Amino acid sequence: SFDCTITMLTPDSEGYPRCRLTSVGSCGLASRTVSLDMKMTGRAADAFNYAIASRGGIAVSGSATIDGMTSSADANILSISQEAFAIAIGGSATVGGDLFLTAEGEDSVHLQGGGLSVGGTSDINEILDDHVYRLPEEPDFPTLDLTPFAAMTTTVIDSSTDLAGPGLVVNNARIAAGTNPEFKQDTVINGILYIEYPNEVVFKTKATLNAIIVTEDATGQTGTSTLDFKGQVEAPGVTALPDTEEFAAVKEHDGSIILAPGFGVQFRGGVNSINGTIAADQFSFLGNSNISGEIAGTIIGLSSKDLVMSGNATILINKDDSSSLPAGFVHYKGLSIVKNTYSEGE
């Protein structure tokens, strides 16, 4: 027989709760005691293991490319749509990784084009045999938790706000519902940009995001809510902010750049780098969009609407630099063993 006890310990230097598991095994008059320490840590949903994870379909056409910076596996894409053509690759499009889906129909993967490539091959039969995986169960998709963000704003952008001047810098701002602002000049967003619905927000030229963009949840609401990036985007995220009291709260929420439930997001210009995960109801990467640096995270399609890449759009995924637990999501909890704590005693 054996008895187990769990004793709570003081948190470790990073603040993770710790406990000690002790087991005493007995056989007649003999007994042995062993113990080890464990800490409680977060675990991300399965969807974060992919370059693109979409509840809707994924369509990649033209000369669009999605690939990994260091590994082709970083460019794996996932659709859990049950509609026809859950994943469609056409034209001269390239997907460096493999295709994962839950739909069972043979037509759920549609491959058509003279120069398409998936998993490093252009042979259609080889793609279907070796680079398409039909999953028996739906992988975990993350649940959003946007509760902390609205309270971080200190200024309001509404219809009376002048956004026309050059060198515009916006710090910890809230865009009031129905404003529909156009940022016509190069714009720097610092801290939090919280967007109420409905809103159609347009960045006409370069946008620098030392920030996390969070929208009010517009899921199921009437009215059009969109984010349209027509020019270059540089998004180092909140890690680029100075260590000042003004940005202290938002700097605790790194690893995500855009969290936009109920919003459509379009990238149509030269998009250089996005240092984090982006999530929205629908994504479109159009025309000459080119994430020529990298996207360090996952693209999460939150709704059944199709995610579209077309033209010369290029997405390069760097999983090595992505956050394991990006901000704005509910992450699972798990126990991991603390090294060098195993002990035996009489």
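Predicted model: local features only at pLDDT ≥ 70, side-chain atom pairs only at ≥ 80, totals over all residues.
1. Overall make-up. The protein chain holds one helix and 32 strands, and its C-alpha atoms fill a box of roughly 80 × 55 × 35 Å along the principal axes. Of its 346 residues, 48% are buried, and among the contacts with a separation of 6 or more, 53% are between residues 24 or more positions apart.

2. The largest nonpolar core. This core has 61 residues, of which I89, L99, L227, F229, I258, F267 and I278 touch the most other members. Strand β23, covering residues 256-267, gives the most to this core, with six residues. A second, separate core of 26 residues includes A45, F48, I80 and L302.

3. The surroundings of I89. When neighbours within four places in sequence are left aside, the contacts of I89 are V60, V95, L99, H110, L111, Q112, L116 and V118.

4. Pairing of β6. Strand β6 (residues 65-68) pairs in the parallel sense with strand β9 (residues 94-95) over two bridges, and also in the parallel sense with strand β29 (residues 314-317) over four bridges. At T65, the bridge partner in β9 is T94, while in β29 the residue standing opposite T65 is T314.

Methods: Residues numbered from 1 in each chain as written. Heavy atoms only, no water. Core = buried A, V, L, I, M, F, W, Y, C linked by side-chain atoms within 4.5 Å. Buried < 20%, exposed > 50% of the residue type's maximum accessible area, 1.4 Å probe, protein only. Contact = heavy atoms within 4.5 Å. Pairing = 2+ DSSP bridges.
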